[in-house]
Amino acid sequence: MAMMTSDSDFQVAELPMTEGTEVDPADVVAADAAARAFAARQGGSARESAGDEVGRALVVVVDDRVAHGDVDSPLGPLVGELLEEAGFHVDATILVPGDEVEIRNALNTAVIGGVDLVVSVGGVGVGARDVTPEATEPLLDRRLRGIEEAVRSSGLAAGATDGGLSRGLAGISGQTLVVNIADSRAAVRDGMATVAPLAKHVISNIRDF
């Protein structure tokens, strides 16, 4: 999930003062800017030194009620947690309703943003609002049917019926791997356990070209 650094995380640099000294507001602004720049450099160095991240990922949760704020979904945080455990940095989680255009726009945002992996959760069943595969297919340059079948097979074996019957797609869009999974906790856990090692292999191959 995207982490936005709040202003409270920065401290304005203190300026040396003696009694009767007048402080130029421009100096305060300059000192604050310097402090922020230093913090940004430190954060960048920490990220560069980590070196163990597989790549960047983005999560798209497809659910009418969640997108409209009627209920909270634990699935976005769960997918994010599983991705981070697999070594990915999760840029953000996007919530969209079961609308083909909105789903496609969210996926396209991830592709244009250059993430290595985008995982959508939900909208892969047989209901009237289950249109994630239809939104995904036009974006794919190459289908990866092996991943699709692996997710379905492992879902059935694990007793995650919705995962086993999922119409979800997987494929490459530009330099991004896109995967649709079903939206039960069992399907998410099993699907991510199947997808994560395969995604690492695919991403490595994409980077080699």
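This is a predicted model: local features need pLDDT of at least 70, side-chain atom pairs count only at pLDDT 80 or more; totals for chains, interfaces and linings use all residues.
Contact here means heavy atoms within 4.5 Å. Residues are numbered from 1 along each chain as its sequence is written, and side-chain values use heavy atoms, with hydrogens and water left out.

View 1. Helices (H or I, at least four residues) and strands (E, at least two) are DSSP runs, numbered from the N terminus. Going along the sequence, they come in the order α-β-α-α-β-α-β-α-β-α-α-β-β-α. Among contacts with a separation of 6 or more, 76% join residues 24 or more positions apart. Of the 209 residues, 41% are buried, where buried means under 20% relative accessible area, exposed over 50%, and partly exposed in between (1.4 Å probe, protein chains only). The chain averages a pLDDT of 80, and 75% of the residues score at least 70.

**View 2. The largest nonpolar core holds 30 residues.** A nonpolar core is a set of buried Ala, Val, Leu, Ile, Met, Phe, Trp, Tyr and Cys residues joined through side-chain atoms within 4.5 Å. L83, F88, L117 and V188 touch the most other members. Among the elements that each supply at least two residues are strand 1 (55-62), helix 3 (75-85), strand 2 (88-96), helix 6 (145-157) and helix 8 (185-207). Helix 8 gives the largest share, eight residues. Apart from this core sits another, of 17 residues, including V96, V115, L139 and V178.

**View 3. F88 up close, with its neighbours from elsewhere in the chain.** Leaving out residues up to four places away in sequence, F88 touches V54, G55, R56, A57, L83, L117, A199 and I203.

**View 4. Helix 3 meets helix 8.** Their axes come within 10 Å and cross at roughly 20°; axes are lines fitted to C-alpha atoms, for helices over the stretch in contact, and angles run from 0 to 180 degrees between N-to-C directions. The two helices are therefore roughly parallel (angles under 35 degrees count as roughly parallel, over 145 as roughly antiparallel, 65 to 115 as roughly perpendicular and the rest as oblique). Their crossing is right-handed, meaning that the near helix is turned clockwise from the far one by less than a right angle. Helix 3 brings L75, L78, V79, L82 and L83 to the contact, and helix 8 brings R185, V188, R189 and M192. The buried residues of helix 3 are L75, G76, L78, V79, G80, L82 and L83, and their cover includes strand 1, strand 2, strand 3 and helix 8. Just after helix 3, G87 takes a positive phi of about 105°.

**View 5. Helix 6 meets helix 8.** Here the axes come within 9 Å and cross at roughly 155°, which makes helix 6 roughly antiparallel to helix 8. This crossing is right-handed. I147, A150, V151, S154 and G155 of helix 6 touch D190, T194, V195, L198 and V202 of helix 8.

**View 6. G69 sits in the loop between helix 2 (64-67) and helix 3.** G69 counts as exposed because its relative accessibility is 57%. G69 and L95 are 26 residues apart along the chain, and their C-alpha atoms are separated by 9.5 Å.

How values were computed: pLDDT is the predictor's confidence in each residue, from 0 to 100.
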